[in-house]
Structures are given as C-alpha cells and as structure tokens.
Amino acid sequence: MQLQQLVDRIAAEVTPSGVVADYIPALARIDPHAFGLAVATLDGEVFGAGDYRTPFSIQSISKAFMLALALAENDDVWTRVGREPSGSPFNSLVQLETEQGIPRNPFINAGALVVTDHLGHGAADRLLGFLRQESGNASVDVDPEVAKSELDHSDRNRALAHFMGSYGNMRNSVDVVLHEYVRQCSIAMSCADLARSALFLARHGVRNDGTRLLGVSGAKRVNAVMLTCGTYDAAGQFAYRVGLPGKSGVGGGIVAVVPGKCAICVWSPALDARGNSVAGVDALDRFTTLTGWSVF
C-alpha cells in the first residue's frame with residue numbers, strides 16, 4: 001500500500017474521543033474532533049490527511065527537540081536529569097523530594113525545566129530557529145495567546161522549579177526559565193511541519209540540509225528516551241501498542257520516529273486520562289500494524 005493511501009485509510013478509520021486539556025484555558029477551546037496525520041520520508045516528501053496543515057500548540061513535543069539541542073552541545077545535562085520512566089503524572093512533585101531535586105527524565109515537566117535551564121536565556125528562540133529551518137516554514141512562531149494562558153496558570157511548574165532550586169539544580173532564575181519554557185511549549189506547528197522537523201532522528205542525527213546535529217549515538221539516545229518516557233506515565237502501553245519512539249503533548253500532537261525510514265506526526269486534541277491523544281495513539285497503532293514498521 002502506498003503511503004498516501006495508507007494515511008487516507010487511517011484518517012477515515014479513526015474516531016477522536018476523550019477530552020481536551022482544560023487546565024490551560026487557551027487549549028480548552030480547541031475543536032476536539034480535529035484530526036491530522038502526516039508522514040515525512042527521508043527525502044522530505046510529506047504524505048498527509050485530514051487537518052495535517054493546521055497549526056496547533058506543540059506543548060511537550062518541544063521537549064524532545066530541546067533535549068536534542070542540549071545534547072548537541074554536550075552530555076552535561078545528564079548530570080542534572082535522569083533517563084528512567086517516572087510512573088507518575090507529568091507534573092508531579094512527589095519524586096523530586098525522594099530523589100533530591102533530580103528529575104526522573106527530561107520529558108516530565110521537572111526534567112524539561114532543567115533542560116531549558118541548561119540551555120539558558122534565549123533557549124526558546126534557539127528552538128524556534130531550529131524548527132523553522134527543519135520544517136522549511138519560516139512562519140512557525142509562538143502562539144501569544146497560548147503562552148499568556150500557560151504563564152498565567154504556571155503555579156505548579158513554578159513550584160517544581162523552586163523545589164529543584166532548593167537542591168541547587170537550577171542555574172538561572174525561575175522567572176527566566178519559566179519564560180523560556182512557556183514560549184517553547186506554545187510554539188504552533190502543523191503535522192507536516194513537525195514530521196519534517198523530526199526527520200533528523202530518523203536519519204540518525206542528520207538534519208534536512210545534510211549537516212549533523214547529533215552523532216549516531218546521540219540520536220539513538222534521544223529515540224531511546226522517547227520510547228521509554230515520551231508519553232508520560234503511559235510509555236509502556238505506547239511501546240506495546242505502537243512500538244516506536246514517540247513524544248506527545250497535551251495540545252493533542254504526537255511525533256513518532258521510524259529510524260531509517262520516516263517521521264510521523266498525528267494531531268487530535270481529545271486526550272485520555274494520562275494526557276495522550278486517544279485518536280493519535282490509535283492512528284499510530286494502525287500505522288505500525290499496517291506497515292510492519294517498528295523498532296521491535
């Protein structure tokens with residue numbers, strides 16, 4: 001089956017269900033029935049269906065790209081954040097006290113705040129520049145309404161940052177880190193944009209212009225952490241059903257990588273209880289079942 005026929009079939013078969021994220025008011029107004037799916041191949045060709053060109057808030061999908069940017073500089077970030085699944089909600093404070101301010105992995109909120117702190121002032125603009133270049137879309141930008149809404153409701157993330165600061169695991173001021181973190185999560189992109197932007201992970205670290213962002217080992221490590229930690233505390237179920245490295249966001253998007261073949265992005269804003277897109281996981285499950293493309 002050709003890829004365009006495949007994505008059309010999947011889009012016709014899945015049914016969005018669940019509820020949109022309502023703790024960020026700007027996200028609560030998104031149409032829960034929207035659905036988009038895009039597959040970008042190694043040569044940059046994109047096959048899409050549904051609302052695959054509609055921009056949406058990437059939210060925690062940004063964490064995978066931020067980790068890659070941090071690792072492109074050095075591996076020092078691993079002295080400040082772990083690489084193990086948390087088994088707890090993405091915004092939990094509980095583990096930080098027992099583990100002395102070291103977040104379990106870079107994809108829960110506490111870990112992502114540490115990665116943002118590691119990159120420092122201007123981190124969100126660096127990510128924005130990277131995503132514009134990789135997607136080929138110079139209009140990719142921060143959604144100011146989502147950013148304001150998220151910043152106005154950031155008490156839990158502020159608490160996480162201050163708590164880690166009490167253990168000496170924050171270098172910049174909490175206000176600076178939260179400003180950068182909120183801006184990176186509030187970037188709006190389409191499925192087509194995100195699938196193109198994630199291709200460097202399918203190419204073992206090589207960007208769309210042929211330059212290398214990460215070594216082969218670095219790309220492998222990002223993919224590995226995405227597989228084990230990328231879908232909050234449902235990563236085991238995601239690996240069981242989909243069998244690919246993936247990173248989800250509460251905006252309803254999920255990016256997944258088939259090393260050596262393609263990158264995929266699916267968007268459906270209605271979420272399950274753990275913050276993952278119900279139709280998005282279903283679509284990726286169907287994709288790997290129909291193609292046989294999996295890391296297993």
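Contact is taken here as heavy atoms within 4.5 Å, and helices (H or I, at least four residues) and strands (E, at least two) are DSSP runs numbered from the N terminus. The model is predicted, so that local features need pLDDT of at least 70 and side-chain atom pairs count only at pLDDT 80 or more, while totals for chains, interfaces and linings use all residues. Residues are numbered from 1 along each chain as its sequence is written, and side-chain values use heavy atoms, with hydrogens and water left out.

In helix 5 (residues 109–119), Asn 109, Ala 110, Leu 113 and Val 114 meet Asn 157, Leu 160, Ala 161 and Met 164 of helix 8.

Helix 14 (residues 278–291) contains 14 residues and spans 20 Å from first to last C-alpha, close to the expected 20 Å, the expectation being 1.5 Å times one less than the number of residues. Its buried residues (under 20% relative accessible area, 1.4 Å probe, protein chains only) include Ala 279, Val 281, Leu 284 and Phe 287. Among the elements covering the buried residues of helix 14 are helix 1 (3–13), strand 1 (36–41) and strand 7 (253–258). At the start of helix 14, a side-chain oxygen of Ser 277 lies within 2.9 Å of the backbone nitrogen of Gly 280. Just after this helix, Gly 292 adopts a positive phi of about 75°.

Thr 231 is located in the loop between helix 12 (216–229) and helix 13. This residue counts as buried because its relative accessibility is 1%. The Thr 231 side chain reaches the backbone nitrogen of Ala 235 at 3.5 Å. Beyond neighbours within four places in sequence, Thr 231 is in contact with Phe 238, Gly 246, Ser 248 and Asn 276.

Technical notes:
Buried < 20%, exposed > 50% of the residue type's maximum accessible area, 1.4 Å probe, protein only. Polar contact = N/O pair within 3.5 Å; in protein donor to acceptor, adjacent residues only side chain to side chain.
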